[in-house]
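Please look at the sequence and model below. This report goes through the metal sites and the residues around them.

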Amino acid sequence: MARLAGIIERHANRRSFLKNGITAAGAATVGAGMMASGLSALAGEREHERGGITEGDAAVLRFLAAAEILETDLWEQYNELGGVDAPPSAYQTGLTVLDGDMPQYIADNTDDEQSHELFINAYLMSKGVKPVSLEPFKNLEGSQVTEIPGVASRKRLTNLMQLSVDTSWWTRYRSGDQNPDLGDSFPNAVPTLATGKFTAIPRNNAELGITVTSLPVDNHIQAIANTAGFHFAFIEQGGTSLYAAMAQKVTSLEVLRIVLSIGGTEVMHFQTWHDKAGNAKPLTDGALVFPDLTNDIPQPESLQSNLIMPEPTVFLSKKFPVCSIIRPTARKGIAMGAVNALTKDGLFIGQTPDFFEFLADLAHEADEAERELER
Ligand SMILES: [Fe+2]
Ligand SMILES: [Fe+2]
């Protein structure tokens with residue numbers, strides 16, 4: 001209860017800072033500018049823009065900081081268990097079935113997310129805006145693997161052991177006449193993965209299979225590695241759309257530069273994982289069925305594994321010619337949409353009401369942000 005009270009107090013402080021602090025500072029800058037040199041209010045506002053950031057830009061960056069902290073937390077778990085510095089195991093070998101370089105890619109994706117998180121928070125602080133911390137919510141039990149030191153004792157923000165992975169991004173990026181921004185929805189490429197609750201990491205030593213490096217790996221462990229492979233792409237396609245949508249809401253050119261530059265790496269992550277997921281080994285593990293997306297003939301284009309480039313599709317309006325694009329990119333409700341998608345993914349199973357409240361609050365602030373046009 002004490003913790004919840006503390007969080008509410010922090011919210012209140014942040015709100016009053018965002019609503020009053022920046023506005024007041026902006027007004028002071030405008031006033032000082034007018035008195036000192038007779039500059040117009042417009043010039044004063046531009047001055048303010050160079051020195052600080054707008055309330056909307058702060059809200060967008062604070063939400064993105066939270067998203068990056070969540071990404072870091074989940075990627076760290078994958079990296080500890082299957083990254084290039086993890087000890088050889090059946091899980092890691094199962095991942096290399098998707099691509100021999102998977103452990104390196106996992107480590108690099110983890111580095112990238114850490115850098116995004118640290119950069120955005122440092123930038124916020126440089127502008128006098130409170131950085132985002134999710135440390136109070138890092139209380140979830142993770143994998144209980146004891147054969148890799150430190151894994152079992154570390155507390156987590158995200159849960160990778162009860163996932164319902166949405167794989168509709170696969171068919172969405174292969175569609176040539178539909179777009180979620182125009183109201184279309186898409187079937188899953190791996191339907192069973194979306195309907196059950198599956199682990200994407202080894203939960204214990206048996207599922208890790210330490211030192212077992214020969215192929216084929218145990219069917220269940222390969223299913224866990226396959227699940228991870230599709231989850232990687234699910235996470236990064238979300239980041240791809242999130243940044244493209246957020247870019248349309250920011251005011252400062254420098255903040256736009258940050259959003260575009262980081263967002264571009266999310267696209268690269270997604271593209272990499274999209275390519276690898278198609279190599280997941282076809283198998284059945286209980287209720288979980290990975291279809292053969294590579295060899296099944298006839299394979300409809302909506303599933304064909306080598307169609308990893310975004311198929312040109314309808315964009316903005318059906319009156320225009322089709323265009324190869326990121327999808328979706330509509331900005332309305334994008335932040336809360338991201339929170340809901342991650343919640344549905346099972347990533348937050350076990351989290352507390354105050355965690356959801358904190359995240360929803362950040363999302364609402366970001367969803368309210370709109371680009372401020374020069375008058
Ligand atoms: Fe990121
Ligand atoms: Fe990412």
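What spacing do the donors of the iron ion (ligand 2) follow along the chain? They follow E-x41-E-x122-E-x29-E.

## Basis of the model

This is a predicted model: local features need pLDDT of at least 70, side-chain atom pairs count only at pLDDT 80 or more, and totals for chains, interfaces and linings use all residues. Residues are numbered from 1 along each chain as its sequence is written, chains are lettered from A and ligands numbered from 1 in the order in which they are written, and side-chain values use heavy atoms, with hydrogens and water left out.

## Iron ion (ligand 2)

E71 (OE), E113 (OE), E236 (OE) and E266 (OE) coordinate the iron ion (ligand 2), at 1.9 to 2.2 Å. Donors here are N, O and S atoms within 2.8 Å of the metal (3.2 Å for Na, K and Ca); water is not among the atoms, so sites may look incomplete.

The 4 donor atoms make angles of 84 to 144 degrees, and the site is irregular. Four donors count as tetrahedral if all angles lie between 85 and 135 degrees; four count as square planar and six as octahedral if opposite donors are over 155 degrees apart and all others between 65 and 115; anything else is irregular. E113 in helix α5 (residues 102–126) and E236 in helix α9 link distant parts of the chain, 123 residues apart. Helices are DSSP runs (H or I, at least four residues), numbered from the N terminus.

## Iron ion (ligand 1)

The iron ion (ligand 1) is coordinated by E68 (OE), E68 (OE), E71 (OE), E113 (OE), H116 (ND1) and E266 (OE), at 1.9 to 2.5 Å. Its donor residues are spaced E-x2-E-x41-E-x2-H-x149-E in sequence.

Why is the arrangement irregular? The 6 donor atoms around the iron ion (ligand 1) subtend angles of 55 to 168 degrees, which makes it so.

## The bridge and its surroundings

E71 bridges the iron ion (ligand 1) and the iron ion (ligand 2). The two ions lie 3.4 Å apart. E68 and E71 are 3 residues apart in helix α3 (residues 55–82), so about one helical turn separates them.

Are these glutamates buried or exposed? E68 is buried, at 0% relative accessible area, and E71 is buried at 9%. Buried means under 20% relative accessible area (1.4 Å probe, protein chains only). E113 is buried at 0%, and E236 is buried at 0%.

## Q222

Q222 sits in helix α9 (residues 219–246). Q222 is buried, with a relative accessible area of 2%. Leaving aside neighbours within four places in sequence, Q222 is in contact (heavy atoms within 4.5 Å) with G94, V97, L98, V217, K281 and L283.

Terms used. Helix = DSSP H or I, 4+ residues; strand = E, 2+ residues; numbered from the N terminus. Buried < 20%, exposed > 50% of the residue type's maximum accessible area, 1.4 Å probe, protein only.
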